[in-house]
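Dear colleague,

I am handing over the structure we spoke about, so that you can look at it alongside my notes. Please read them with the coordinates open.

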Amino acid sequence: MMPAGPSSALGQLLSRFGSEVIATSADVLAGISVDHRKLYPGRALALALPRSTSEVADILKFCNALRIPVVPQGGNTGYCAAGTPDDSGTQLVMSLRRMNRIRGVEPLNNSLVVEAGCILKEIQRAAESVDRYFPLSLGSEGSCTIGGNLSTNAGGVNVLRYGMTRDLTLGLEVVLADGRVISSLSALRKDNTGYDLRQWFIGAEGTLGVITAASLKLFPLPKRHGTAIVAVPSVKDAVELLAKLRAGSGDRVSSFELLPRAALELVERHLGARVDISASSHWCILCEVSSSDADDPIEERLASLLEAAMETGLITDALLAQSERERSAFWFIRENIPEAQRRDGPSVKHDVSLPIDRLAEFVDRASDWVVTHVPEGFLVCYGHVGDGNLHFNINQSGETAGKSLLAREPEIRRAIHDLVQEYRGSFSAEHGIGRHKVAELERYADPV
Ligand code: MLT
Ligand code: ZN
């Protein structure tokens, strides 16, 4: 069947679903037509705002029959432009923001069922209200939605202990392109009745269906935390420190984040937040251990492990959070690195993962490459060391503001990703593919 022309497609959508569900105002469309980083400005046919699973099903079935392309969009906070339309003006963006109900919380089953439009922070709060923990946590948690988190298999700062979104999912409700609904919102931990269909939709970025609801895992709510920022002589030492902290804490390290000096300086310059840690070290780590036992002095355990690490030279300085306020101040710095980077100017981002035991070697080689080949940029390499995931980002350097770093992005990206490939790593650890990394997928994915 020939694709329907934009005006007739829009007319048919409006007459079938009405302006209550199909938004067309220029203001509304402007906000949903460009990705978070503003790298891919697009033009949407319209915005669909369904209120129920059956409405999603009706819209998809209708669009499928008319061959109208549909782009599902969550909170539009992603880094790879997976949720925004191209500039053809033919694609219908579908947001599930009206489907934001928590359908049920089952503390004894350690699970909850939420609709795809729920903001991540609201899900965390719902879990806390019954003394449980939903561990998915990322900088955009105040505005990203669980539908987007699921569709990109989001990671964040607690993956080390709790896994990625995929690992936190018990069941899904999904609408296929032809309008059929797969309803599998089970809260079972064990279910070996054949194929695990969930996994086809998690991380699929809406290419195989639209996730409308999910059954998610909950955990005991952490009651005590030990949180520290430590200076390490090298990335290799950081990796060794992680092993020591995991073993010495009863494997209760929940976060282990790499903070380079360059990132600390950016956050101080643009957001005024600073941390008083030895300026001589190029690398710092924000680490956190946590316990659900209110009587467990886990912060003391962390302090003694860090003391031992200091004696052997594995770390050169340490700041332990002495209060919840200090803990939040540490996390503020970590979570605002992307914002500080953005305020500083254009950047080229890489979201790579490596086998943890090769991480240090990769950082050395890739950093050398940047210093030699990218004089117009400076490296801001941070991320989730505990997961072998680095945001190997390069910012435009002020002194060479005349030369555009972004114009060199394809060439830089190629060199970094080829090196990642050499180490058997991934060019997309947690941000997905979207429109941003289609060429990478074609180059590096197994053709079979
Ligand atoms: C982060 O961990 O802060 C992000 O995933 C983002 C980034 O690449 O900047
Ligand atoms: Zn990240």
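Below are notes on a metal site, a strand with its partners, and a loop residue.

Please keep in mind throughout that this is a predicted model.

The zinc ion (ligand 2) is coordinated by NE2 of His384, NE2 of His391 and OE of Glu430, at 1.9 to 2.2 Å, and along the chain these donors follow the spacing H-x6-H-x38-E.

Strand E14 (residues 283-291) is largely enclosed by the rest of the structure, because nine of its nine residues are buried. Trp283, Ile285, Cys287, Val289 and Ser291 point one way from E14, whereas Cys284, Leu286, Glu288 and Ser290 point the other way. Strand E12 (residues 224-232) pairs with E14 in the antiparallel sense over nine bridges, and there His225 stands opposite Ser290. Strand E13 (residues 253-260) also pairs with E14 in the antiparallel sense, over seven bridges, with Ser255 opposite Glu288.

Finally, Ser33 lies in the loop between helix H2 (26-32) and strand E2 (44-48), and it counts as buried because its relative accessibility is 5%, which is under the 20% cut-off. Leaving aside residues up to four places away in sequence, Ser33 touches Tyr40, Pro41, Gly42, Arg43, Ala44, Thr84 and Pro85.

With best wishes

How values were computed
Residues are numbered from 1 along each chain as its sequence is written. Chains are lettered from A and ligands numbered from 1 in the order in which they are written. This is a predicted model: local features need pLDDT of at least 70, side-chain atom pairs count only at pLDDT 80 or more; totals for chains, interfaces and linings use all residues. Side-chain values use heavy atoms; hydrogens and water are left out. Helices (H or I, at least four residues) and strands (E, at least two) are DSSP runs, numbered from the N terminus. Buried means under 20% relative accessible area, exposed over 50%, partly exposed in between (1.4 Å probe, protein chains only). Contact means heavy atoms within 4.5 Å. Donors are N, O and S atoms within 2.8 Å of the metal (3.2 Å for Na, K and Ca); water is not among the atoms, so sites may look incomplete. Two strands pair if DSSP finds at least two bridges between them.
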